[in-house]
Amino acid sequence: MGKIDKSVRLFKEAQSLLPGGVDSPVRAFTAVGGQPLFIERGEGPYLFDIDGNRYIDYVLSWGPLILGHSHPRVVSALREQVARGTSYGAPSPLELELAQLIASFMPNLQMLRFVNSGTEATMSVLRLARAFTERKKIIKFQGGYHGHADMLLVQAGSGVATLGLPDSPGVTSEAVQHTLVAAYNNLESVERVFEDNAGDIAAVIVEPVSGNMGLVPPVPGFLDGLRALTDKNNALLIFDEVMTGFRVNPGGAQTLYKVRPDLTALGKVIGGGLPVGAYGGRRDIMEMVAPVGPVYQAGTLSGNPLAMRAGIETLQELKEPGVWEGLEAMANKLVTGLTQAARAAGVRVVTHRVGTMFGMFFNDHPVTDWESASRSDAERFSRFFHAVLDGGVYMAPSQFEAAFLSTAHDEAIIDTTIDIAEKAFKLLSVA
Ligand SMILES: *Cc1c(COP(=O)(O)O)cnc(C)c1O
């Protein structure tokens, strides 16, 4: 990495006007020290900072950019679309087209509603679940992040965990009094919550592959067990696939693990890098959403034509023959290479990969839940992070974040990444 003088100057200035100099906390590098880089442009697999340094990007805007930065197909569609207007406040054919595309990948979404972020999607889907079941309580998992709605800011993983905030001031105890927390990958803990709250649970909301405490896959039987427990208790099962949708499999975790949720929240990839969220699922439930039903939910910019176009192009590209298979093969090559490089250097890490998402914990023991994830070595991660950054690889500045691959990352880029990581692991092993 070269000089970052311009980033240093801008960060100083930004901090006086924007809290922490950023618009989302994990961007501030708090967990790893140092300071964030200010980005001038993204191109394919690369980010370029304002000092002219180039980085291979494995954050990819925290997941959405599955085709990499400024993919020609997305860019030209957006150019064409922007000339036709940026928002209509009325239906357009694009919403139907994207909805049909999503449903073709995820047949469980019999109906869906577009919103503007993942936060909006989970907030709205829980309102719907409570209305449908006429119950108040919800179950979430320790280390599960579902956006920043008040009722969900309880033991919420990554951003919150990274900052060491137990919860957030400003969230009232009343706002979270109906939010119950169970342990991920632990069906007994879910069963206990159901027993203690018999007849009161509206829904279980889960990241089917947990991606906000680092990447933690479900153990065999966990998702099936949640389906069985929710069925038994007449509660709804909600998959928060904001991150995993079109990431762990083109059809999301529900397709990969063959478990049918009642409702699903989406975001990230379906917007192709523009702000979008969506929620959907069983027709009998979705028909409760206004204006068909009484559950209110609205949005000035919802179904925004630019966002719809970016999403359509992105999902269509993923449908091209061989694209997904190639992407997953590259992800496998990268994670295998990283794991071998760590082992060769005698550095103990736990690596996980599901589809095009992966994660690495500096941890001697298996990581299956928030408890085990949180015992990872923060100091080692921080040194590794800065060493690879110096080498030109941009990883998420927290080991409690998942990493992502795009179709723009080719074999040569992955080899380069593995070389840089190998040097970083060696630095750790001598220290
Ligand atoms: C990112 C994320 C959200 C929140 O989405 P935003 O668009 O940031 O509001 C919700 N759930 C999960 C699983 C996520 O990864």
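Me: A helix here is a DSSP run of H or I that holds at least four residues, and helices are numbered from the N terminus. In this predicted model, which helix is the place of Glu188?

Reply: Glu188 belongs to a negative surface patch, which it forms with Glu191, Glu195 and Asp196. The helix that covers residues 187-196 is the place of Glu188, and its name is α6.

Me: Is Glu188 buried or exposed?

Reply: A residue counts as buried under 20% relative accessible area and as exposed over 50%. The relative accessible area of Glu188 is 52%, so Glu188 is exposed.

Me: What radius of gyration does the protein have?

Reply: The protein has 14 helices and 14 strands, and its C-alpha trace spans about 60 × 55 × 50 Å along the principal axes. For 431 residues, a compact globule would have a radius of gyration near 22 Å, and the protein agrees with this, as its value is 21 Å.

Me: How far apart in space are Phe222 and Ser117, C-alpha to C-alpha?

Reply: Phe222 is placed in helix α7, which covers residues 222-232, and Phe222 is buried because its relative accessible area is 1%. In sequence, Phe222 and Ser117 are 105 residues apart, while in space the C-alpha to C-alpha separation is 27 Å.

Me: Which residue is joined to Ala290 by a cis peptide bond?

Reply: Most peptide bonds are trans. Here, however, a bond with an omega of about 10 degrees is cis.

Me: What is the phi of Glu134, which is not a glycine?

Reply: Most residues other than glycine have a negative phi. Glu134 is found in the loop between α4 (118-133) and β5 (137-141), and Glu134 counts as exposed because its relative accessibility is 72%. Although Glu134 is not a glycine, its phi is positive, at about 55 degrees.

Me: Where is Trp62 found?

Reply: Trp62 is not a glycine, and yet it has a positive phi of about 70 degrees. As for its location, Trp62 is found in the loop between β3 (54-57) and α2 (72-82).

Me: Which residue meets Arg282 in a salt bridge of 2.9 Å, N to O?

Reply: Side chains of opposite charge can pair when their charged atoms come close. The salt bridge of 2.9 Å joins Arg282 to Asp262. This pair links distant parts of the chain, with Arg282 in the loop between β10 (277-281) and α9, and 20 residues away, in the loop between α8 (252-256) and β9 (263-266), Asp262.

Me: Why are Lys426 and Glu422 separated by about one helical turn, and which helix holds them?

Reply: The side chains of Lys426 and Glu422 meet in a salt bridge of 3.6 Å, N to O. Lys426 counts as partly exposed because its relative accessibility is 46%, and Glu422 likewise counts as partly exposed, at 29%. The two residues are separated by about one helical turn because they are 4 residues apart in one helix, which covers residues 411-430 and is named α14.

Conventions
Residues numbered from 1 in each chain as written. Predicted model: local features only at pLDDT ≥ 70, side-chain atom pairs only at ≥ 80, totals over all residues. Heavy atoms only, no water. Patch = residues over 30% accessible without salt bridge, like charges linked within 9 Å, V, L, I, M, F, W, Y side chains within 5 Å. Areas by Shrake-Rupley, 256 points an atom, 1.4 Å probe, with all protein chains shown as cover. Salt bridge = Lys/Arg side-chain N within 4 Å of Asp/Glu carboxyl O. Lys, Arg positive; Asp, Glu negative; His and termini not counted. Charge placed at Lys NZ, Arg CZ, Asp CG, Glu CD. Buried < 20%, exposed > 50% of the residue type's maximum accessible area, 1.4 Å probe, protein only. Rg over C-alpha atoms; globule rule 2.2 N^0.38 Å.
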